[in-house]
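Here are my notes for your first look at this one. Keep the viewer open and click along as you read.

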Amino acid sequence: MTLRRILPAVLACCAVLTACTSHSADGTSGGAPPASTAATGTPSATASEPAGGDTAGPSEPTGTGTAAASPAAPAPERCRTSDLRASLGPDHPGAGQENFALVLTNRSPRTCSLYGFPGVAFVDGAGDAVTPDPERATDQPQQRVTLAPGDDAWSALSYSDPAITGVTTVTPQALLVTPPDETTSLSVPWTGGKVSNTGKASVPRVSPLRPGSGA
């Protein structure tokens, strides 16, 4: 056999041998292994589960929390002039002072409240003021007074005896009493005698309203 005929045959045999060695021993081709022969290591867990296989739910309250505090009850509406009756208590003089209790009584069927000072004016029979306005005792604390039907609130009306201070005087016919935050007044007969009309001495003074009748 000549060399020209032998060389093609040798090259053909090498090609066959190369093709055979490209397959694995189990007959599969090379490259990525099939899924059945992939590594079998334990996969990383993506979420932990509690024992028993139950999934964790939202935490439940333990029953030891405190209830929200109830809002404070609102104060009763203020007393209107039409809810009230005004009266003047007896004089309780002492140390040269005249001391009266100016009383407001809840005559309505509802509970209401008062806060602050009453307006007070000494007037004649025509309703005209005959003295300067009484001063307010702003050095005394104010408080809200709740009046159930029939309850009283009072303000102390005090002044120095005009006979001691020697001021000129007038005898009023009545007191006009205006409840706090109201514009309509109640008329009360004045039985206390002479009152200073100068505004210089013996000037009457009223206190903030407080519970009770001042008796």
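Is Trp190 buried or exposed? Have a guess before you get to point 5, where the answer is waiting.

1. First, a caution: this is a predicted model. The protein chain has a mean pLDDT of 78, and 66% of its residues reach 70 or more. Residues 6-69 are the stretch to watch, with pLDDT below 50 and six contacts beyond near neighbours in sequence.

2. Now the overall picture. The protein chain contains two helices and 13 strands. It has 215 residues, of which 28% count as buried. Its accessible surface is about 14,000 Å², and carbon and sulfur atoms make up 55% of that. Take the contacts with a separation of 6 or more: 76% of them are between residues 24 or more positions apart.

3. Between β4 and β9 (residues 174-178) you'll find five bridges, and Ala121 of the chain sits opposite Leu176 in β9.

4. Next, the rings. The structure has three aromatic pairs. In one of them, Phe100 and Tyr159 have ring centres 6.3 Å apart and planes at 20 degrees, so this pair is stacked. Phe100 belongs to strand β2 (residues 97-106) and Tyr159 to strand β7 (residues 152-160), so the pair ties together parts 59 residues apart in sequence. Phe100 is buried, at 6% relative accessible area, and Tyr159 counts as buried too, at 2%.

5. Phe122 and Trp190 make an edge-to-face pair, with 5.1 Å from centre to centre and 90 degrees between the planes. This pair also links distant parts of the chain: Phe122 is in strand β4, while Trp190 is in the loop between β10 and β11 (195-196), 68 residues apart. Back to the opening question: Trp190 is buried, because its relative accessible area is 8% and the cut-off for buried is under 20%. Phe122, at 1% relative accessibility, counts as buried as well.

6. Which residues do ring pairs link into a cluster? They are Phe100, Phe122, Tyr159 and Trp190.

Technical notes
Residues numbered from 1 in each chain as written. Predicted model: local features only at pLDDT ≥ 70, side-chain atom pairs only at ≥ 80, totals over all residues. Heavy atoms only, no water. pLDDT = per-residue confidence, 0-100. Contact = heavy atoms within 4.5 Å. Pairing = 2+ DSSP bridges. Helix = DSSP H or I, 4+ residues; strand = E, 2+ residues; numbered from the N terminus. Buried < 20%, exposed > 50% of the residue type's maximum accessible area, 1.4 Å probe, protein only. Areas by Shrake-Rupley, 256 points an atom, 1.4 Å probe, with all protein chains shown as cover. Phe/Tyr/Trp six-rings, centres within 6.5 Å; stacked < 30°, edge-to-face > 60°.
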